Amino acid sequence: MTHRMARAFARLSGADRLGGVDLARGLAVVGMLAAHLVTVDERFTLQRPETWVDAVNGRSSILFAVLAGVSIALTTGALRPLSGDTLRVARRRLLVRAGGLWVLGVLLIVTGVPVYVILPAYAVLFLVATLLLRLRARTLFALAGALLLVMPFVQAALGLLPFWDDPIGESIALVIGWAYPFPLWMGFLVAGMAIGRIDLRDGRIQALLVAIGSGIALAAYGLGGLLTGPGEFQEPQDYLGVVASTFPHSGGLPEVLGGTGLAAAVLGACLLLCRTPLRWVVLPLRATGSMPLTAYTAQIVVWAVWAFAATGTTTSLFAFRALDPFWPITAVVILGCTVWALLVGRGPLEAGLAWLARRAAPSASQVATDPRTTKP
């Protein structure tokens, strides 16, 4: 047991692991919980602290998507993209992960919990990402910039199609995660892949992420404020209103650019913080961020069980929020992830999906050492 705990702790805090990436994911988990479980009556206003919780709406999911791209890049060569057989194995494993995420996402949708489950969208994004694994940072940054600048105009038109309002369209939207439309969200994922292809261990790079990301976010949200005016709280319904919107999940150009810039800044700040002794203070958040799939799934399962026991249904959002579930669920998720990370190591769903990917797409060395493939 002691050896296993030491190995689990080394995995979480070892020199090979970028603790700042885990910390950023941990913050995204807490932000997601707040967005799901706390009712916000007014849009974010800097001068009014009671509105600050609104800052997580939409931005937490963008942060998740950017960090998913970072993780894909880090596991496929980081600064030097994989090639040859290793690239083919990585591509097949990413396809398997996409399939696993889609199945899990559909199962979570079946619970009836009233959130737009993001996992089917990730499945589609991962499928597209398999085509980009060879690309280096410069190309990925250029592609991300093009997607982030152009796709808000395309998505505004796609999102306003009447098809999504009929029963068939609504069903298709659920199973492909259209609340996070992949033509637009590929920009977030590719931006993350580009960031993951640069040297994230370099303090100068980390500081640049903070500076450049903050600058982009301030400029984008400032432009959005000029275009839409203060206090925008109703989601726009016309094409130009959507394109110019800062409303969460609107897909407007200011929201897309601002959210991406903020995600880069948060990642840079987390990487810088984890260069200091404060990395031990935030260990529970790092542990939570080391198993985001487990944390995401756990909150929906806990939500479903608690809501059904307390209200007789899993589908009433405001009835469940009236129970003030944010702090209890957040505490359970963070504590559970921390204990698991320190005692066992990798999150159970992360480990299960990795095992499935290895079994479905073994490497050449695995095949060579498998007794079922050796000659007698």
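Author: We can go through a pocket, a cavity and a helix in turn. Bear in mind that this is a predicted model.

Reader: OK. What volume does the second largest pocket have?
Author: About 1300 Å³.

Reader: And how many residues line the second largest pocket?
Author: The lining has 43 residues. R25, S71, T75, R97 and R346 are the ones nearest the centre of that pocket.

Reader: Which helices supply at least two residues each to that lining?
Author: α2 (19-37), α3 (59-74), α4 (84-110) and α5 (119-129) do, and so do α14 (292-311) and α17 (348-360).

Reader: How does the lining of that pocket split by class?
Author: 26 of its residues are nonpolar, twelve are charged and five are polar.

Reader: Switching to cavities. How many are there of 30 Å³ or more?
Author: The count is one. The largest cavity has a volume of about 40 Å³.

Reader: Which residues line the largest cavity?
Author: R43, N57, G58, R59, I62, Y221, T246, P248 and E255. By class, that lining has three nonpolar, three polar and three charged residues.

Reader: Now the helix. Which residue caps the N-terminal end of α7?
Author: D166 does, for a helix that covers residues 167-176. A side-chain oxygen of D166 lies 3.1 Å from the backbone nitrogen of I168.

Reader: What follows α7?
Author: G177, with a positive phi near 65°.

Terms used: Residues numbered from 1 in each chain as written. Predicted model: local features only at pLDDT ≥ 70, side-chain atom pairs only at ≥ 80, totals over all residues. Heavy atoms only, no water. 1 Å grid on protein atoms, 1.4 Å probe; cavity = no way out; pocket = protein on both sides within 12 Å on 5 of 7 lines; lining within 4 Å. Points joined across faces, edges and corners; volume = space filled by probe spheres on them. Helix = DSSP H or I, 4+ residues; strand = E, 2+ residues; numbered from the N terminus. Nonpolar A, V, L, I, M, F, W, Y, C, P; charged D, E, K, R; others polar. Polar contact = N/O pair within 3.5 Å; in protein donor to acceptor, adjacent residues only side chain to side chain.
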